[in-house]
Amino acid sequence: MKIAVMGAGAVGCYYGAKLAQHGHDVVLIGRPAHVREINKNGLLFESGGVRTTVGLAASIDPVAVAGADIVLFCVKSTDTASAGAAIAPHLGDNAVVMSLQNGVDNAERLSAIIGRLVVPAVVYVAVGMAGAGHVTHFGRGELVIGPDDASDVIAQTMRPAGIPVDISENAQGALWAKMILNCAYNALSAVSRLPYGELAKGDGVMTVIENVVAECLAVAGGLGIVVPGDVGAAVAGIIKTMPAQYSSTAQDLMRGKPSEIDYLNGYIVRKGGELGVATPANQVLYTMVKLLEMQADQPSKG
């Protein structure tokens, strides 16, 4: 299979590396410094304390999606529209496009831009970029995807490469379950600059998390979304399964980049406002992250 990864950040590099290791023809589409390093030395893939160099192609040009059987769309939610428009002219008629993004509406937004169905995927993986051309895997790696004519092909491609795939009839609910995890931890990790295991030790943190989760579930209920499983247990479990992980929001802010907070806690605040559901805990976290983004935009003094 030829597989293109649009948005070769930590998530895209992880899944691209796993698929390339299994023999698939993978091309990563990313930023120039990242692409140069990969084309020169390969992708350095670190997992479980073991470092492996994975040989695969890399490009800065969205035209590299041409001929791909599967496109893993991994850009930030803020870039969905521009990246979608960039790849649309180059997609093959039978290409399967998957959205491996945070938030709950990216697949729908992307579908409207590229004019075809997009398979939503819920991503549970702890990864980070340790530098240009160097991805580090800290834990997990499973995907939950929605039912589609291509779902079986996706599963049959991913599973032999060591990527667990669950095909769910309630993919939208699963997306919400993941977003609630992000709403609970991402802003707190960003504000504190701590990984999940450490920030959970702070006074009052778990109470804040419980309030955030309750607000998210109230908004989901107002929208008619059925969130599967025991959300409270899943949120608490993150502390054990990903204790050393910094949230993507924290990683973005530490690198001086804009975050996806508008599509996480900000989304809950907006939908809560539309529904008349109070979301004060999400509002505070959203506002704090936006203030940190404003701080990052200010010119340095001294």
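**Entry 1: the cavity**

Which residues line the largest cavity? Before looking, I noted that this is a predicted model, where local features need pLDDT of at least 70 and side-chain atom pairs count only at pLDDT 80 or more, while totals for chains, interfaces and linings use all residues. I also noted that residues are numbered from 1 along each chain as its sequence is written, and that side-chain values use heavy atoms, with hydrogens and water left out.

I found 1 cavity of 30 Å³ or more. On a 1 Å grid over the protein atoms alone, a cavity is a set of points where a 1.4 Å probe fits but cannot get out, and lining residues have an atom within 4 Å of a point. The largest cavity has a volume of about 40 Å³, counted as the space filled by probe spheres set on the points, which are joined across faces, edges and corners. Its lining is S99, Q101, G103, V104, N106, A107, P120, A121 and L175. Two elements give two or more residues to that lining: α4 (106-114) and β8 (119-131). Helices (H or I, at least four residues) and strands (E, at least two) are DSSP runs, numbered from the N terminus.

**Entry 2: helix α8**

Next I checked the length of α8 (residues 205-222). Its 18 residues should span 26 Å at 1.5 Å a residue, and its end C-alpha atoms are 26 Å apart, so the two agree. The expected span is 1.5 Å times one less than the number of residues.

An α-helix has 3.6 residues a turn, so residues three or four places apart point the same way. Just after α8, I saw that G224 takes a positive phi of about 80°.

**Entry 3: H134**

Is H134 buried or exposed? H134 is buried, with a relative accessible area of 11%, and its place is in strand β9. I looked up its contacts (heavy atoms within 4.5 Å). Leaving aside neighbours within four places in sequence, H134 touches H34, L43, L44, E46, R51, G128 and M129. L44 is 90 residues from H134 in sequence, yet the two are 4.6 Å apart in space, C-alpha to C-alpha.

Technical notes. On a 1 Å grid over the protein atoms alone, a cavity is a set of points where a 1.4 Å probe fits but cannot get out, and a pocket is an open set with protein on both sides within 12 Å along at least five of seven lines; lining residues have an atom within 4 Å of a point. Buried means under 20% relative accessible area, exposed over 50%, partly exposed in between (1.4 Å probe, protein chains only).
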